[in-house]
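User: Hi! Could you walk me through this one? I'd like to start with how its elements are defined.

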Amino acid sequence: MIVMNHTRTKNYHFLDDTFRDCYNSFYGKEAGEMQPIIAVCDDDHRVYLQIKEFICRYNIQRNLEMKVDYFGTAQAVLSAPADYAILFLDIMLDAGYDGITIGKELRKRRNNALFVMTTSRADKALASIGATVFRFLVKPLEPATVFSVLDDLIEHLECDTDVYV
């Protein structure tokens, strides 16, 4: 299968449908089709707007077109129809749920998204072990830190040669 990446063509051979689905959620189902690939789940809409602004700046600097969806509650993100490649999850959410619980539930559903946990409480990091977290960001968020995480996320999702997954 030949797919178009942002600037080059790559040949991917998928050994597992799960990885194909993750790839398709990152790049879109067909070459050139843009899909929302990042979701932010935070009960503070201001944090979402801040992350979205940082991603917009990142898009301009890196000549990308990543889109961002917002979910204000745990139930909203858990019932979302899309599988996202990247999820920014607030560790401290609404009553009964938090980013850690969401991450663990999505893993049970075989969701392979890369989770970035955001929190104002760094002491909660150890509780997220079962969610398999890619990175932690401590609030208040800084553009350079978010940019660095986005660089790492994209590097993790992209390859320069044929990849067997």
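Analyst: Happy to. Helices here are DSSP runs of H or I with at least four residues, numbered from the N terminus. Keep in mind that this is a predicted model.

User: Good. Which helix is A144 found in?

Analyst: A144 belongs to helix α5, residues 143-157.

User: And is A144 buried or exposed?

Analyst: Exposed, because its relative accessibility is 60%, and the cut-off for exposed is over 50%.

User: Which strands does α5 lie across?

Analyst: α5 lies across β3, β5, β6 and β7, and runs at about 175 degrees to β7.

User: What's the strand order in the sheet?

Analyst: The order is β4-β3-β5-β6-β7, an open sheet of 5 strands with parallel pairing. β4 (68-71) and β7 (133-138) each have a single partner strand, so one side of each lacks a neighbour in the sheet. On average, neighbouring strands are turned by 20 degrees against each other, direction ignored.

User: How many bridges join β3 and β5?

Analyst: 4 bridges, in the parallel sense. I38 stands opposite I86 of β5.

User: Switching to α4: which of its residues are buried?

Analyst: In α4 (residues 99-108), they are G99, I100, I102, G103 and L106. They fall within an arc of 160 degrees seen down the axis, so they line one face of the helix.

User: What covers them?

Analyst: The cover includes β3 (38-41), α3 (74-78), β5 (86-90) and β6 (114-119).

Conventions
Residues numbered from 1 in each chain as written. Predicted model: local features only at pLDDT ≥ 70, side-chain atom pairs only at ≥ 80, totals over all residues. Heavy atoms only, no water. Buried < 20%, exposed > 50% of the residue type's maximum accessible area, 1.4 Å probe, protein only. Helix = DSSP H or I, 4+ residues; strand = E, 2+ residues; numbered from the N terminus. Arc of directions from axis to C-beta. Contact = heavy atoms within 4.5 Å. Pairing = 2+ DSSP bridges. Axes fitted to C-alpha atoms, helices over the stretch in contact; angles between N-to-C directions.
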